[in-house]
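Thanks for making time. I will go through one structure today, and I will keep to what can be read from the coordinates.

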Amino acid sequence: MRHPAGEPITGRHIGGATSHFRAATARAEDGGPPGFASSSKSKPMKMFPLFTDLKQRPVLVVGGGEVAARKVASLLAAGALVTVGAPRLGRSLARLAGDRRIRHAAGEYREDWLDGAWLVIAATADRTVNSTVARDAARRRLFANVVDDAELSSFHVPAIIDRSPVVIAISSGGVAPMLARRLRERLETLLDPGLGALARLLERHRARIRERLPALDARRRWYDALFDGTISAYLRAGQSLRAETVLEAALQAPAAPGLGSVALVGAGPGDPGLLTLKALRALNQADVILHDRLVSADVLALARRDAEFIEVGKTGGGHSTSQDAIHAAMLAHARAGRRVVRLKGGDPFVFGRGGEELEFLHAHAIPCEVVPGITAALACAAYAGVPLTHREHAQSVRFITAHCRDSLDTLDWRALAQERQTLAVYMGVGDLAGLRDNLLAHGRAASTPFALVENGSRPGQRVVTGTLAQLPERANGHKVRSPALLILGEVAALAERLHWHGAPPLGAPPPATVPLRHAA
Ligand SMILES: C[S@@+](CC[C@H](N)C(=O)[O-])C[C@H]1O[C@@H](n2cnc3c(N)ncnc32)[C@H](O)[C@@H]1O
């Protein structure tokens, strides 16, 4: 059937071929029709969930504004032949009508617009018109949705998560649409974006899979192993050929235990809200989580409950795991077919030895991926109200580490002491005096402001401010402990005025004053 889109219509039919919908039978409003016993024993389901095929089927939308336009967009995505009935069309709908993607029935609502429609949506701002549409539709046994009026609607448009061909629909039966929206948001974060590609891949190989694994049980186990393996990671990364290879291999040797995988995942600085969606997904799929000591308990609480959690902290007093032992643990678990998450504070590739771990995994042919995290410098700066760059005062930012005398000796102090740049110093609390002395010796002004951020982004965050000259004394005075990140440079002065998270900065305002209006 072709959509006769284009010319505005004022007359009778909107879809010609389906005008057999003309039978006008009133809906049974007072309980079920005669001859049907009511099913009062079971808990009533408010709405019956249904997915409809609207491809090439006429649908009427009454209303020409933005609300109608949103409905039209999803109807077009489903392939419906959309007619919009309204005296005038808003900008986006007028554009669609101009491109002949919808048809415009111009004028005030008329009942014969319903002729031939499979569904109708009333989206005008006029309640009387909307209820007339709903009533006319009911008489014709046509399903009608009245926007924002659950009672007048005989079908609801659910909140959806679209991973086509997989689509998840959520309805609160019109009772709490905001709750449905919130649920949708939560589910969006949990569902792999590669889900649709996976469904399409399986559809292509469905017959072969059935042939290879005729027994339902064996097929189920095979699917589980496939879903738990690396195929999703490849599809997510757009590597469909590699995904296809994984599927082929699994089909060739269906009984062989799959090789596990390792994801090097950045856990961010502590606030669980700073986890990426990808990190959250990896945590939810993990069998084993090898985590640093710095990873916050709040982040770990988001991981799959029955995963095995192993702390592999390398610093701090007491328990410590060597890098070799971490490599060996990743390898052993992956070879046993488990999905391993190597969870690191901040970002795995910023002072996190993630590079070495990836090299090791490559050398041992373990399937792996890297999920970046928000590194401490970015998070601490943001949560302390310190823009790392500033159009007038800092044109560059350097991330450095200075955790022992040796590492201090290897730094290029002349470059680091330059003005108009920001230093973000990781692991620096151990030798703040050495840091200060080197910077002063190479020409950095004693009055350069600093902000030392302890437990950045976490509930116990503290920010100590001062000048370079005062740095070690101030830090000692406030007993700053690891994890703490030092931000040194003109921009640090802004912490006094721009702080927003936790307690105000500790310490007298540094002398340098940076105007707010040009903050980059
Ligand atoms: C071994 S490094 C790891 C850095 C991590 N890979 C990242 O990207 O943030 C550890 C150092 O990061 C800094 N750090 C990490 N989390 C922090 C936090 N929540 N607040 C302040 N500093 C933090 C501290 O300087 C700490 O000593």
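Predicted model: local features only at pLDDT ≥ 70, side-chain atom pairs only at ≥ 80, totals over all residues.

I will begin with a local detail. P165 sits in the loop that connects β6 (159-163) with β7 (166-170).

S482 and P483 are joined by a cis peptide bond with omega about 0 degrees. P483 belongs to the loop between α17 (471-477) and β17.

The C-alpha atoms of G428 and S482 are 8.7 Å apart, although 54 residues separate the two in sequence. G428 itself is in the loop between β14 (421-426) and α16 (432-441). Is G428 buried or exposed? It has 25 other C-beta atoms within 10 Å, so G428 is buried. Leaving aside residues up to four places away in sequence, G428 touches A402, L435 and L486.

Staying with the backbone, two residues have a positive phi without being glycine. One is D148, with phi of about 60 degrees, and the other is N455, at about 55 degrees. D148 is in the loop between β5 (143-146) and β6. N455 is in the loop between β15 (449-454) and β16 (462-467). How do their surroundings compare? D148 counts as partly exposed because it has 13 C-beta neighbours inside 10 Å. N455 has 22 C-beta neighbours inside 10 Å, so N455 counts as buried.

Next, the ligand. Which residues come nearest to it? There are 24 residues around the ligand, and the nearest are G346, G352, T375, A376 and G456. The elements that give two or more residues to this shell are α13 (376-384) and β17 (484-488). Sorted by class, the shell has 12 nonpolar, nine polar and three charged residues.

Now a pair of helices. Helix α1, residues 66-77, and helix α2, residues 91-98, have axes that come within 8 Å and cross at roughly 45 degrees. The cut-offs matter here: an angle under 35 degrees would count as roughly parallel, and roughly perpendicular runs from 65 to 115. The two helices, α1 and α2, are therefore oblique to each other. On the α1 side the residues in contact are A68, A69 and V72, and they meet S92, L93 and L96 of α2. By class, this contact has five nonpolar residues, one polar and no charged ones. As a reminder on spacing, an α-helix has 3.6 residues a turn, so residues three or four places apart point the same way.

Another helix to look at is α9, residues 277-285. Its buried residues are K278, A279, R281, A282, L283 and Q285. What covers them? The cover includes α4 (177-190), β8 (261-266), β11 (339-344) and β12 (368-371).

Two arginines are also worth a look. R219 is in helix α6, residues 216-228. With 15 C-beta neighbours inside 10 Å, R219 counts as partly exposed. Apart from residues up to four places away in sequence, R219 touches I209 and L213. R219 and I209 are 10 residues apart in sequence, and their C-alpha atoms are 7.8 Å apart.

R103 is in strand β3, residues 103-106. R103 counts as buried because it has 23 C-beta neighbours inside 10 Å. G85 is 18 residues from R103 along the chain, and 8.4 Å separates their C-alpha atoms.

Finally, the chain as a whole. How many helices and strands are there? The protein chain has 18 helices and 17 strands. It has 520 residues, of which 39% count as buried. Among contacts with a separation of 6 or more, 67% are between residues 24 or more positions apart.

That is what I have; I will take questions now.

Technical notes. Residues numbered from 1 in each chain as written. Near = placed C-beta within 6 Å. Helix = DSSP H or I, 4+ residues; strand = E, 2+ residues; numbered from the N terminus. Nonpolar A, V, L, I, M, F, W, Y, C, P; charged D, E, K, R; others polar. Axes fitted to C-alpha atoms, helices over the stretch in contact; angles between N-to-C directions. Parallel < 35°, antiparallel > 145°, perpendicular 65-115°, else oblique. Contact = placed C-beta atoms within 7 Å. Buried ≥ 20, exposed ≤ 12 C-beta atoms within 10 Å, placed from the backbone.
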